[in-house]
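Have the structure open as you read.

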Amino acid sequence: MKGGRLNSMWRTKLALRNLSTAKLRSILTILGVIIGVAFIVTTMVVGSSSVTWLNSQAFGKGSNLILLSTGEVSSNGGYSISPTPVFGNDTVAAIKSVSGVNSVYPAGEVFPFTVVTNDTKSIVSLPLDFADPALLNATGVDFIAGSSHAGGLILSNSTAHLLNVTVGSSVTLLLPGEIATETWKVTGIFVPPSSSLGALFVRSAYLPLSAWKGDYDEIFVKTNGITSVASVQANVLDAARRTTTVSTIGLSVEAFSLQTLFSGALTADRTLLNFFLFAGVLALIIGGIGVTNVMLMSLKERIREIGILKAIGTSDSSVFTVYMIESAFVGLIGGAIGLGIGLLVSIGVLKPCWPCLSPLQSSVWS
Amino acid sequence: MANMSELKAEAVSKSYGRGGARTIALRGVNIRISKGELVALLGPSGSGKSTLINILGLIEKPDSGRIFIDGEEVSSAKSPWLIRGRRIAIIFQAFNLISRLTALENVALPLLVRGIPERIASAEAAATLERLGLGERKKARPSELSGGEQQRVAIARAIVSRSEYILADEPTGNLDSENAELVAGILLDLSKEGRGVLIATHNSDLATKATRVVRLKDGKIIEEYERRSAQ
């Protein structure tokens, strides 16, 4: 036996009439949904974007590098890197034998250095490294002119711009200490990574390691994989300390990697994300209970109307659907507006940190 | 042999509440409404009239007893709304119109529920309202109608459903004497058209139009008699 069912148009018509009759209640309910959804979207997008950004910093290209150098621990627990020539070939050999080590790149560093170009003398207050060109490849920098293996002076694009030189230009370097004045040809210009990788591992200028004399200031270690960096770092540091004597009081051999540097931030950010997730879920539950309560009150108010619909032969499912359509309208309109507001607020919050927006863009629009 | 033209309640009992708060509304009531007759169900407030109407209209289930329509037992029907929509129409004292709908939409609703296209349903609803003198008021909302007009809209809604049985619970309770007379006349006409009409009322004057009178007191039928001719 057919019948008892209102068609979709009439169910929608009744639902919309219900909404339009109780305008204030409908608006307040939709407003509640908007606020709830916008809050959840904002917390989730901002939280996940910042974690994604931190992950890209800690686990991106070049993040399987460890830097061994000498440094000084300050009284407030901070640390400053002060490269001193303390690493000999025995240290390099000891590190190479550590399990999980892929490559070892010893390096000498001078800071600052003086450059003479066309009789113009410039003092560059940036470090110049003597290193194997393979180290640059390991960091994943992009060469925009020349190459890493031509055996000449390699400059970052900003340093080249500062000195007004290009590939093929000849420059005279006045290096402090025992390293003599030499003339070098620029053979490569690169763009350093915009991430923290650049600040930790990439220098402004490079000369071939063969030009370095004496012990090394730094040793860069490339591990076999990303997941083992922390354990390899501990073993590498142990090997370096065993084979090195640091005579300067206050200085000690230390090891750095992006993963260990970011581990605290990642943990904090994940904790924050979990908190936001919890707050979001809580907001969703509270909002859900609120909306359910409003809808139940609305149902109670219309119990007579429901009775009338049933008395004239309307099926339970038709009556139920009328109120479900009403709730769906509130949810969809509130949800759509809340989503839009949430995304706008997220973009506003993340705007000061444009790199953070790229994971947002990829997670939202791709 | 079962009568194939009547709505019948057989030994129907109903109570509400539990323990000391238990109230017995009906005690083994037997009643029948045949097609073409107008039955007046008389009794004071609290005698069980509304409960009996609700049980006959399949809105409530009895604690015990059975309901038959044209010989078919319907008391345990899985889809009572289908029977209500097609075979039984109910008219209430409080009119029970949907305030958000116009008079025309209220009357058309039982047809729409039965899957009749809106165009046809609206035409039938308009014709029925016209018949009851409400042709000019079909676009009015219930709040814009007088009590008598609202009850006529409710009756129109019952008529348009083409139900064989009409159950009216105090249909004149909220009306002045003039409108009460008008409504009673319409219900009498409906019985003459071949529908079975049951009017629950405590108004003895209304009973004068009935073909049969059933008197209910404390949930039991205490008197039942035929009237020779309805006015």
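## Where the chains meet

How many residues of chain B are in contact with residues of chain A? In this predicted model, 18 residues of chain B touch 18 residues of chain A. On the chain B side, the elements that put in two or more residues are α2 (80-86) and α3 (103-113). The largest share comes from α2(B), with five residues.

## Chain B overall

Chain B has seven helices and ten strands, and 47% of its 231 residues are buried. If you take its contacts between residues at least 6 apart in sequence, 68% of them join residues at least 24 apart.

Over in chain A, have a look at helix α3 (residues 89-96), where Thr91(A), Ala94(A) and Ile95(A) are buried. Looking down the axis of α3(A), those buried residues fall within an arc of 95°, so they line one face of the helix. The cover over them includes β3 (101-110), β12 (218-223) and α7 (229-242) of chain A.

For chain B, the average pLDDT is 88, and 97% of the residues score at least 70. The complex gets an ipTM of 0.81 and a pTM of 0.61 from the predictor.

Key: Residues are numbered from 1 along each chain as its sequence is written. Chains are lettered from A and ligands numbered from 1 in the order in which they are written. This is a predicted model: local features need pLDDT of at least 70, side-chain atom pairs count only at pLDDT 80 or more; totals for chains, interfaces and linings use all residues. Helices (H or I, at least four residues) and strands (E, at least two) are DSSP runs, numbered from the N terminus. A residue is buried if 20 or more other C-beta atoms lie within 10 Å of its own, exposed if 12 or fewer, and partly exposed in between; C-beta atoms are placed from the backbone. Two residues are in contact if their C-beta atoms, placed from the backbone, lie within 7 Å. pLDDT is the predictor's confidence in each residue, from 0 to 100. The arc is that of the directions from the helix axis to the C-beta atoms.
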